[in-house]
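This briefing concerns a predicted model.

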Amino acid sequence: MVKNIIDVRNLSKSFDISSKKPGLKGTIKHFFRRQTKSLKVIKDISFEIKEGEIVGFLGANGAGKTTILKMLCGLIYPSKGSISVSGYLPFRRRENFLKNITLIMGQKQQLIWDLPPIESFYLNASIYDLDKFEAKKRIKKLSEMLEIDDELFIPVRKLSLGQRMKSELLAALIHEPNILFLDEPTLGLDINAQRNLRKFLKKYNKETNATICLTSHYMKDITSLCKRVICVHEGAISYDGKLDLLLKKLSPVKEILIVCRSEEDAIKLENYGFTVKNKNKNELTIKIENNSITSSLKTILNNFDIEDLFINEPPIDEIIGKVLIKKDYDI
Amino acid sequence: MNLRKYLKVYKKFLHTSLASELEYKANILVDLITAILSLVGSIFLLSIFFQNNGYIGGWKFEQALIIQAIYTILNGITNTWFNPNLTEIVKHIREGTLDFVLLKPIDSQFFISLKKINPSGFLEIMLGFFLLLFCIKINQINLSLSFLSLSLITISCSICILYSLWFFISTTTIWFVKTWNAIEVLRSFLYIGRFPLNSFSFSLRLFFSIFIPIAFITTIPSEVFLGLSQLWKILLEVIVASVFLVTSRKFWLFALKFYSSASS
C-alpha cells in the first residue's frame, strides 16, 4: 500500500492585513493609525497526499493555494492545525526535511543573475553537501532530461524566460528531492516551453516517484499532469478528488455534430428524441449524456445515413472556471 | 554544525560573488578610486580640525589618525561584507526571495550575511592597515604579543558590534518591510566613529556608548594601540559585542516566525 507522504489536519492560517482609504486624508490617517484586521486565508482544511502522487491545487487568485504550498514547505507558520510532510513538521525546517523538498516559483528566481546557471548549480551542490563528481553527474543527467546544454554556460541575464525556467528547475532539483512544490512553474512561458516543462515533470515523477504539488492557472498543466485535484475556494477546500470525475460532474453532456447524407435524414434524426442544440440543412448538433454516448452513437449509425460525425469536448478552461467560483462540489 | 560544509559553501560564495563583480570592470575601478579619494578626504578633514588646536579631546593628530585607520578598516569590512549582504535582506523580504534561503539546508543567517562580497572593499581594508602601520611607526608603538592579541580582540569585537547593529535593523524589515532609512541613519552615526569619543560632550558620549555603541567600535581599539586602554573597557567591549551578537541571532530566529513571505 502506498503511504501518505503529506498529512494535513484542520489547518488554518490568518494574516493581519492593513487597509487604507483612498486620497491624502486616508494616507495621513493610515500613517498615524494603521487599521489592521485579521484575515483568515486558510480555513480548517484537511487532506493527505500519497507518495508519488501529482496533485494540482486549483483556485482563483487569492484563494489560498500558494499559502497552502508555503505552509507545506515550512515557510509560513500555521495558525492552527497540524501538518506532517515526510514525517516532519515543516515549519521546524530540519536539515533532513529541507534535503527532501524543493520549491519552484514561476515568478521568482534563485539563479545568480550575472553568472551562467552552472555556477548556481555548483553553489547549490555545495549547500546540499554534494561532492564535485556527484554534482557533475546530476547536472549532466538533469540537463539531458531538460534538454539544456549550451545555456548552462551563458549568463542568466542573457537567457530567454523558458531557458531560465529550465535552469531554475535544474537548480531546484540538483539535490534530488522527493517532494516538489511548484507554484505556477509555467507562468509566462510560450506553448512549446510549457509542453517541454510538463514532459520533464512527468518523466521526473515516473523515474524518481517524486510527489508533486502543483498550482497553475494553465489548465493544460493540470490536465496533463494531475490525476487528482484539490480545489480551493476562499481558503476552504471545495473539491478533493479525481480530475476526470470533476470534469464529468461539471460537464455531464457532450455535444455531437452530425453530418447526414441528406436533409431528410437530418429531419428524421431531429425528430428521433435526442436533445437538439441547433440544425442547419443536413447538419445538426445534439447533446448526449456522458454515460449513454456509446449506445446513442450505435443507434444513430445503425438507423441513419451518416456522412460524418464530430464529438466536441467542452473547453476545459470553461469547466474549471466554474470550479473557481463555486463553494462546494459533492461528488 | 558541519564546519567543512560551511567552509566549502563560503568558498563558493567567494567565487561566485567575485565572478559576478568582475563582470563589471568599470564599476570596480570607480569603487577603487572612490575608496582612495574617501580616505584622502577624511585625513584632510581631520587635519583641518587639528590645524588651530594641537589636541582634540586630549588626542594629538597622530593619535587621532589611528582612529581613522581603524575606521577605514571597519568601513572596508562594511563595504566588503555588510553592505552587499545586509542591505539585500530588505530586498529578500520585500520580494519574497527569502523563501529560497529559508528552504536551503544551511543556516539562514550565515547565508544572507556572507553570500556576497564587494572586492573593492578589500582595498579600503588594505589602505586602513597601511595607515595603521604608519601610525604605529609615527606613534612609536612597541609591537608585543599582548598588544597584538588585545588589538585583534578589540577590532573583532568592533566588527561584531557593527554587524549585529546592522543585522538587527535589517531584521526588523520582517515587520516594517522598508528599513532603508534606519540603515542610512546607522551609517551616518558610523561617521562619528572617526573622531575620538572624548571630543564630544558628556551627553553625546553617553548616547554613543549606551544607545548606539559607536564609541566601542573605534575608540577602544585605538586606545589599545596607544597603550591608553584600561582592562575594564576592553572587558566591557567583549561583553557588549557578545550580548549584541547573541541578541541579533535570537532576534532573527524570533522574527522568522513572523515571516509571511511575499504574495505571488
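A residue is called buried here if 20 or more other C-beta atoms lie within 10 Å of its own, with C-beta atoms placed from the backbone. By that criterion, both faces of E3(A) are covered. The points below begin with this strand and then turn to the cores and the interface.

**Strand E3 of chain A**
- Strand E3 (residues 54-58) of chain A is mostly covered, five of its five residues being buried.
- One side carries Ile54(A), Gly56(A) and Leu58(A), while Val55(A) and Phe57(A) lie on the other.
- E3(A) pairs in the parallel sense with strand E7 (residues 211-215) of chain A over four bridges, and Gly56(A) stands opposite Leu214(A) in E7(A).
- E3(A) also runs parallel to strand E8 (residues 228-233) of chain A, to which four bridges join it; here Leu58(A) is opposite Cys231(A).

**Nonpolar cores**
- The largest nonpolar core comprises 75 residues, and Leu72(A), Leu170(A), Phe181(A), Cys213(A) and Val229(A) have the most contacts inside it.
- Helix H6 (residues 161-173) of chain A contributes the most to this core, with six residues.
- Beyond its neighbours within four places in sequence, Leu170(A) contacts residues including Pro117(A), Phe121(A) and Ile139(A).
- Another core, of 51 residues, lies apart from the largest one and includes Leu65(B), Ile112(B), Tyr163(B) and Val224(B).

**Contact between chains**
- The contact draws 28 residues from chain A and 21 residues from chain B.
- On the chain B side, helix H1 (3-22) and helix H4 (98-102) each supply at least two residues, and H1(B) gives the most, with seven.
- By class, that side of chain B has seven nonpolar, seven polar and seven charged residues.

Key. Residues numbered from 1 in each chain as written. Chains lettered and ligands numbered in written order. Predicted model: local features only at pLDDT ≥ 70, side-chain atom pairs only at ≥ 80, totals over all residues. Contact = placed C-beta atoms within 7 Å. Nonpolar A, V, L, I, M, F, W, Y, C, P; charged D, E, K, R; others polar. Core = buried A, V, L, I, M, F, W, Y, C linked by C-beta atoms within 7 Å. Buried ≥ 20, exposed ≤ 12 C-beta atoms within 10 Å, placed from the backbone. Pairing = 2+ DSSP bridges.
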